[in-house]
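Please open the model in your viewer and keep the sequence panel beside it. The tour below moves from the whole chain to single side chains, naming at each stop what to select.

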Amino acid sequence: MGAERLHAYGATAGLLGDLLLGDPRRGHPVAVFGRAAAAVERVLWRDHRGWGALHTLVCAGGATALGALAVRAVRHSPAASLALTASATWAVLGGTSLIREARAVGRALESGDVDAARARLPHLCGRDPQALDAEGIARAVVESVAENTSDAVVGALVWGAVAGVPGLLGFRAVNTLDAMVGHRSVRHLRFGWASARLDDLAGAPGARLTAALAAAAGPDPRGAVRAWRADAHRHPSPNAGPVEASFAGALGVRLGGTLSYGGRVEHRPVLHGAGRAVRVGDIERAARLSRRVGWLALGVCAGVRLACAGGRRAGAPRTKGRTS
């Protein structure tokens, strides 16, 4: 069995594993990486971009190298290679946890328990829940589902298709580092610069694919494309903008506006201003759209990898037989 087929089967098994099992409650590989990255930060931290770049290189480079070593160790065993790809894919994907947390907040809002929804929201995003009413919480959940569909599912599948297990682990490492040190806090303004910029670069292909698939799979493809083209560039994040705008247009809702992070109020541009305000029921609609986008992304990534492999084989020079 060729490497491309092994990757396609392994990635499918990994996505199924995430769907059926979700994240482990203890000992999650991403959490282990996070603790290691925090330990490295305690050693390397300086209020300087160069030291932050070294931190990014050590942590993300280490994760990528670990993936490359693992691939080398199992290269002679198709079964082990498939198992490695499946387990790495499962470890880096977070689609089921994302949907589970979104639905938990949605259930609390549906029952009228806004306090319970506020208590649950920090499991999903970093906004100040006390500053939000029910509508604001629902909007925060839909925006988080949209953005994390790219970060926690599609982006990883894209880099897995590009670079196999090293790509999977490297992308998740970069994304995790951005969440840890990439925010513009006083401590990380310079130290986290490299992680934030690398995450922007690594996340760009997955974000565009997510936006395109949301438009294709959503209830209003034309609305998604219009919102993407008109509003994505207005978002402060080059990757969250296309994804959130496309989800907004696809679902017919209005995203963006005023929000609060860590006591800091931000006034973001409205995405798909022609849409209506987000309702509680839109959380489930966003969750279903996220699932469809994830499966479509798997099909696209596996299909492109297989097609490229077929093209390389077709273009390979043929060995001429001996003539007598």
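What follows is a walk through the chain, stop by stop.

**Before you start.** This is a predicted model, in which local features need pLDDT of at least 70 and side-chain atom pairs count only at pLDDT 80 or more, while totals for chains, interfaces and linings use all residues. Residues are numbered from 1 along each chain as its sequence is written, and side-chain values use heavy atoms, with hydrogens and water left out.

**The whole chain.** Begin with a cartoon of the protein chain, which has 11 helices and two strands; helices (H or I, at least four residues) and strands (E, at least two) are DSSP runs, numbered from the N terminus. Read from the N terminus, the order of the elements is α-α-α-α-α-α-α-α-α-α-β-β-α. The radius of gyration is 21 Å, close to the 20 Å that the globule rule gives for 324 residues, so the chain is as compact as a globular protein of that length; the radius is taken over C-alpha atoms, and the rule is 2.2 Å times the number of residues to the power 0.38. Along its principal axes, the C-alpha trace spans about 85 × 50 × 35 Å. Of the 324 residues, 49% are buried, where buried means under 20% relative accessible area, exposed over 50%, and partly exposed in between (1.4 Å probe, protein chains only).

**The nonpolar patch.** Next select Leu-16, Leu-19, Leu-20, Leu-21 and Trp-295, which make a nonpolar surface patch of about 500 Å². Patches are made of residues with over 30% relative accessible area and no salt bridge, with like charges joined within 9 Å and nonpolar side chains (Val, Leu, Ile, Met, Phe, Trp, Tyr) within 5 Å; a salt bridge is a side-chain nitrogen of Lys or Arg within 4 Å of a carboxyl oxygen of Asp or Glu. Helix H1 (residues 3-21) gives the most to this patch, with four residues. Leu-16 lies in that helix and counts as partly exposed, at 37% relative accessibility.

Select Trp-45 and Phe-191, whose ring centres are 6.5 Å apart and whose planes are at 40 degrees, so the pair is tilted. Trp-45 lies in the loop between helix H2 (29-44) and helix H3 (49-73) and Phe-191 in the loop between helix H7 (134-181) and helix H8 (193-217), so the pair ties together parts that are 146 residues apart in sequence. Trp-45 is partly exposed at 26% relative accessibility, whereas Phe-191 is buried at 0%.

**Last stops.** Pro-78 is in helix H4 (residues 78-92); draw a C-alpha distance from Pro-78 to Ala-3, and the two are 8.3 Å apart in space although 75 residues apart in sequence. Finally, select His-272 in the loop between strand E2 (264-271) and helix H11 (281-315). His-272 has a positive phi of about 60 degrees although it is not a glycine, and His-272 counts as buried at 15% relative accessibility.

Note on methods:
Areas by Shrake-Rupley, 256 points an atom, 1.4 Å probe, with all protein chains shown as cover. Phe/Tyr/Trp six-rings, centres within 6.5 Å; stacked < 30°, edge-to-face > 60°.
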